[in-house]
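I opened a notebook page for a structure I had not looked at before. My entries below follow the order in which I looked things up.

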Amino acid sequence: LSACQFQGDPLGAILWYKNRTRTEGVLLAPTNDPDPKYDLQPNNSLVVKNVTHADAGDYTCQVLRSTGVSQEFSGTLFVYDEITEVPTPPTPPTPGPIVGTPIPKNPDSESPNVPIVAVPDGRVTNVEVSEIGPTSATVTWTYVDSSNANRRASAYRIYYQSKTLATVETEDDKKQHVLTDLKPHTTYSIRVAPLNSMGDGSGESDSVTITTDESTPGPPRDVVVTTEKGEGAITVEWKSPDDPNGVVTAYIVIYRSGNTIVEKVYERTKLTELRVKIDNLDVSTKYEVVVVAVTSKGEGSTSESRLVTVGEASSTPFTQTVYFYIIIALGGIVALALLILVVVCVRRSRRSDSMDIKEPPRRHRPAPPLAQPNNRSSYSVENGSFGEPAYPNEPG
């Protein structure tokens, strides 16, 4: 089979295939077989040994350069019995020897034998986001690949950011992915980058901004219910939900006594503060109170319930919290005092122990004998001192 045109690239290579489709084929050469049936010649032609009818078929010569697949040439080999006259073959796609007709490259169906040597150098374009829900959205895009098969994209990385940046990597080279961990009523910036086994390519898309749909809100916080002594009314105040999941349009205060349940709806725009007073309640009757927030998607979760007996002054959660911290502070003071007392006792005990240590006995020398009065000195008992020595008259 005639040679492929290949020169000028010392890092390139020649691959021969039989019956190769866009995605698969039998690699004939090069091979490690010491006596191959298909032998790649120095001029890049292919020699088929011991030809049989099974060798008939389509043959493809693939030229690999250091920058990727450059060209492919294909042709059909016909095998006939030894006859004196060769009949006209059926209309083959390319009769006779291999002709240098380049086959257009399909970047989405590269041969798995082409190695990846660098990050993708193509570019992601036309990013679109559809089917936007409260927690999910479908992202689609197109990818303009380069002519370099060694730098093709095998997957994509999607960046989506609200307050924090998150990423997700697709499992294949499909150009669609569903994001499923989004937050309701949140604005996201989304972009897509190509990647392969060597890393992310530089041809990431421009950012697209979306806002997810609303959802039902979370529970209101810090609900406090108070009542005045002898008054048949309660005051309810609260804070907005940590997760509003949309625009809160109203609040519902629900209170129950026995089997009687009453709901009062307060439009958010008419509330100057998150506090309402409910009158005409039965004095000395216990009520359970909860608060619910509302968005365009409906009612959310109920707050923690509060119990109150109307007309009886009772401690609120705030005063209960104050009492709790006062008790904690008093306990801390007592503990500190005990610690100081223990330290003082330990120090005194150590000092006492050091004073009780006995010194080794000293050697006592015998006292000198008392001086006997003589005619040389006198001793006064009254003042404990020796007087002037009395000397006898000595000759001058």
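Predicted model: local features only at pLDDT ≥ 70, side-chain atom pairs only at ≥ 80, totals over all residues.

Entry 1, a buried serine. I looked up Ser205 and found it buried, because its relative accessible area is 6% (buried means under 20%, exposed over 50%, partly exposed in between, with a 1.4 Å probe and protein chains only). Ser205 lies in the loop between β13 (199-200) and β14 (208-211); strands are DSSP runs of E with at least two residues, helices are runs of H or I with at least four, and both are numbered from the N terminus. I left aside the neighbours within four places in sequence and listed the contacts of Ser205 as Val124, Val127, Arg191 and Val192 (contact means heavy atoms within 4.5 Å).

Residues are numbered from 1 along each chain as its sequence is written, and side-chain values use heavy atoms, with hydrogens and water left out.

I noted 1 helix and 24 strands. Of the 396 residues, 31% are buried. Among contacts with a separation of 6 or more, 59% are between residues 24 or more positions apart. The accessible surface is about 26000 Å², and 52% of that surface belongs to carbon and sulfur atoms (areas come from the Shrake-Rupley method with a 1.4 Å probe; for residues, only the protein chains shown count as cover).

I traced an open sheet of 3 strands in the order β7-β8-β11, with antiparallel pairing (two strands pair if DSSP finds at least two bridges between them). β7 (123-130) and β11 (176-179) are at the edges with a single partner strand each, so one side of each has no neighbour in the sheet. Direction ignored, neighbouring strands of this sheet are turned by 25 degrees against each other on average (axes are lines fitted to C-alpha atoms, for helices over the stretch in contact, and angles run from 0 to 180 degrees between N-to-C directions). β7 and β8 (residues 137-144) run antiparallel and are joined by 6 bridges. Arg123 is opposite Val144 in β8.

Asn126 is not a glycine, yet its phi is positive, near 55 degrees. Asn126 sits in strand β7 and counts as exposed at 56% relative accessibility. Asn245, also not a glycine, has a positive phi of about 55 degrees. I found Asn245 in the loop between β16 and β17 (250-257), and at 18% relative accessibility it counts as buried.

I traced 3 strands in an open sheet, ordered β15-β16-β19 and paired antiparallel. The edges are β15 (221-226) and β19 (275-278), each with a single partner strand, so one side of each is without a neighbour in the sheet. The twist from one strand to the next averages 15 degrees. β15 pairs with β16 (residues 234-239) in the antiparallel sense over 4 bridges, and Arg221 has Lys239 in β16 as its bridge partner.

β20 (residues 286-295) and β21 (residues 298-302) pair antiparallel over 3 bridges. Gly298 in β21 is the bridge partner of Thr295.
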